[in-house]
Amino acid sequence: VFSIGFLPLLTVIGIFIMLFRETQRQHAVAMEADVTRVVSKEIESFIISQFTVLKNIATTYTAFSSSKPLDDAFLERALFTNSDFVELSIVDAAGTEVSRKHTLLAVMPRDLADRSDKEEFLRVKEQTFYLGPVYFV
């Protein structure tokens with residue numbers, strides 16, 4: 001008699017728990033979509049701002065480049081004033097690196113490479129830009 005009286009109560013509790021779980025799942029999916037939308041906009045804004053920085057570097061470099069020591073100093077200053085970049089490289093029209101700076105590694109003149117047959121150089125010639133790997137930390 002005692003257990004039969006609890007059967008309707010247990011049934012209602014079971015239904016309530018199932019409905020509650022489904023509601024929570026729907027809220028989690030909606031929140032996940034909102035977070036994805038916001039993060040997507042932030043990434044887009046970040047990439048646009050970095051393209052602007054690179055465009056400014058290219059414009060300034062083209063206007064003021066006159067010697068190897070000045071080129072190196074300019075590239076080093078540009079790299080270390082923007083902590084979003086790990087490495088910057090300046091390549092001439094033939095695809096030869098003129099200067100390269102890295103935040104962690106010392107780049108020696110012998111390390112400068114011919115990039116004329118590399119994907120990044122060919123894409124820059126076709127599209128005027130190349131976006132290499134982007135890492136979010």
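This is a predicted model: local features need pLDDT of at least 70, side-chain atom pairs count only at pLDDT 80 or more; totals for chains, interfaces and linings use all residues.
Phe16, with a relative accessibility of 54%, counts as exposed because its value is over the 50% cut-off.

A search of the whole structure returns one aromatic pair. That pair is formed by Phe16 and Phe20, whose rings are stacked, with 6.2 Å from centre to centre and 20° between the planes. Because the two residues are four positions apart in helix H1, about one helical turn separates Phe16 from Phe20.

## The nonpolar patch

Phe16 belongs to helix H1, which spans residues 2–64. Both phenylalanines also contribute to a nonpolar surface patch of about 680 Å², which is made by Phe6, Leu9, Leu10, Ile13, Phe16, Ile17 and Phe20.

## Surroundings of Arg115

Elsewhere in the chain, Arg115 is placed in the loop that runs between strand S2 (97–102) and helix H3 (119–127). Its side chain makes a polar contact with the side chain of Glu97 at 2.9 Å, and the side chain of Arg115 makes another polar contact, at 2.7 Å, with the side chain of Glu120.

When residues up to four places away in sequence are left out, the residues touched by Arg115 are Val91, Gly95, Glu97, Arg100, Glu120 and Phe121.

Key
Residues are numbered from 1 along each chain as its sequence is written. Side-chain values use heavy atoms; hydrogens and water are left out. Patches are made of residues with over 30% relative accessible area and no salt bridge: like charges are joined within 9 Å, nonpolar side chains (Val, Leu, Ile, Met, Phe, Trp, Tyr) within 5 Å. Accessible areas come from the Shrake-Rupley method with a 1.4 Å probe; for residues, only the protein chains shown count as cover. A salt bridge is a side-chain nitrogen of Lys or Arg within 4 Å of a carboxyl oxygen of Asp or Glu. Buried means under 20% relative accessible area, exposed over 50%, partly exposed in between (1.4 Å probe, protein chains only). Rings of Phe, Tyr and Trp (its six-membered ring) pair if their centres lie within 6.5 Å; planes under 30 degrees apart count as stacked, over 60 as edge-to-face and the rest as tilted. A polar contact is a pair of N or O atoms within 3.5 Å; within protein, one must be able to donate a hydrogen and the other to accept it, and residues adjacent in sequence count only if both atoms are side-chain atoms. Contact means heavy atoms within 4.5 Å.
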